[in-house]
Amino acid sequence: MSPEALGALLSPVGLGLIGLCIGSFLNVVIHRLPLMMERAWKLEGAEILGVEAPAVGEPLSLMKPASRCPHCGHRIRWHENIPVLGWLRLGGKCSSCKAPISARYPLIELATGLLFAALAWRFGSQPTVLAWALFVAMLVALSAIDWDTTLLPDSLTQPLVWAGLIAAALGWTIPLSSALWGAIAGYLSLWSIYWLFKLATGKEGMGAGDFKLLAALGAWLGWPMLLPIVLGASLIGAVVGIGMKLTGALREGRFVPFGPFLAGAGLVVLFAGSNRVLGWLGWV
């Protein structure tokens, strides 16, 4: 590929269009990965208990079967699956049974496209921007899955930690020492808070997935950004949680997952830059 073609591909417009397509795939990940995990747990549980494996339906992966309407089983045609435009063309309804299609599908696609375009603007049209695109795509998927299920799958968080360390080792992101200590401190900080809270109250205040997500953010953004990320996520999470409680959107006994706010704070740090964030806090 010529430098001119590569530059066009990695420009805000080019990378934004790629982000729309990636966002379409993220919708599949967000919907199917928790179902795949649930099936695996059922089969593992049956094996451990020595009982007959439960029926789990047809094989399910991120690639197969093809996308279909959950109400009538209509197979989504290629032109109906065009990011954002397909949903608008259908009027937000299945072309077969007219059941509503959630607006979150085009919103995920649009958000991913805009974030990818912002990455090209922030880092320029250079190949290393693709590493940050991977980081952003994983955060989008993790945030939506955690919001839906209060789960942060190891199959996403752990590769994200390793990808951050590898990107740093290759000189694509931040110094390797900052990434390494960011991963270590990110995990151990929330792990310590978890156990202190559990010993004091007998309750679990967060899941282990939050430890791994903060470790991943530390691996990509460096250890100095961990405290700003946790402070920002805690503040926004508290405001959202109180708002949901007051409006009745948060059912009794439920809690607001922390992962989306950690990811959101990480994105703020990414686009604002570490020096600006530390300046906001008066630490520079």
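Here are a few worked exercises on the structure above.

Before you start: this is a predicted model, where local features need pLDDT of at least 70, side-chain atom pairs count only at pLDDT 80 or more, and totals for chains, interfaces and linings use all residues. Residues are numbered from 1 along each chain as its sequence is written, and side-chain values use heavy atoms, with hydrogens and water left out.

**Exercise 1. Check the span of helix 2 and find its bend.**

Step 1: Helices are DSSP runs of H or I with at least four residues, numbered from the N terminus.

Step 2: work out the span. The expected value is 1.5 Å times one less than the number of residues. Helix 2 has 38 residues and should span 56 Å; its end C-alpha atoms are 53 Å apart, which agrees.

Step 3: look for a bend, meaning the angle between axes fitted to the seven residues ending at a position and the seven starting there. Helix 2 bends by about 30° at R32, and the proline P34 follows within four residues.

**Exercise 2. Classify the pairs W132–W220 and Y187–F211.**

Step 1: set the rule. Rings of Phe, Tyr and Trp (its six-membered ring) pair if their centres lie within 6.5 Å; planes under 30 degrees apart are stacked, over 60 edge-to-face, and the rest tilted. That gives eight aromatic pairs.

Step 2: take the tryptophans. W132 and W220 have ring centres 5.3 Å apart and planes at 55°, so they make a tilted pair. W132 belongs to helix 5 (residues 129-149) and W220 to helix 8 (residues 208-221), 88 residues apart. Both W132 and W220 are buried (under 20% relative accessible area; exposed is over 50%, partly exposed in between, with a 1.4 Å probe and protein chains only).

Step 3: now the other pair. With centres 5.6 Å apart and planes at 85°, Y187 and F211 are edge-to-face. Y187 is in helix 7 (residues 176-201) and F211 in helix 8, so this pair ties together parts 24 residues apart in sequence. Y187 is partly exposed at 31%, whereas F211 is buried at 4%.

Step 4: look for a cluster. F123, W132, F135 and W220 form one.

**Exercise 3. Which residues have the most contacts inside the largest nonpolar core?**

Step 1: define the core as a set of buried Ala, Val, Leu, Ile, Met, Phe, Trp, Tyr and Cys residues joined through side-chain atoms within 4.5 Å.

Step 2: read off the answer. The largest core has 68 residues, and L119, F135 and L221 have the most contacts inside it. Helix 5 supplies the largest share, 14 residues.

Step 3: zoom in on F135. Contact means heavy atoms within 4.5 Å. Leaving aside neighbours within four places in sequence, F135 touches L160, L217, W220, L221 and L270.

Conventions
Helix = DSSP H or I, 4+ residues; strand = E, 2+ residues; numbered from the N terminus.
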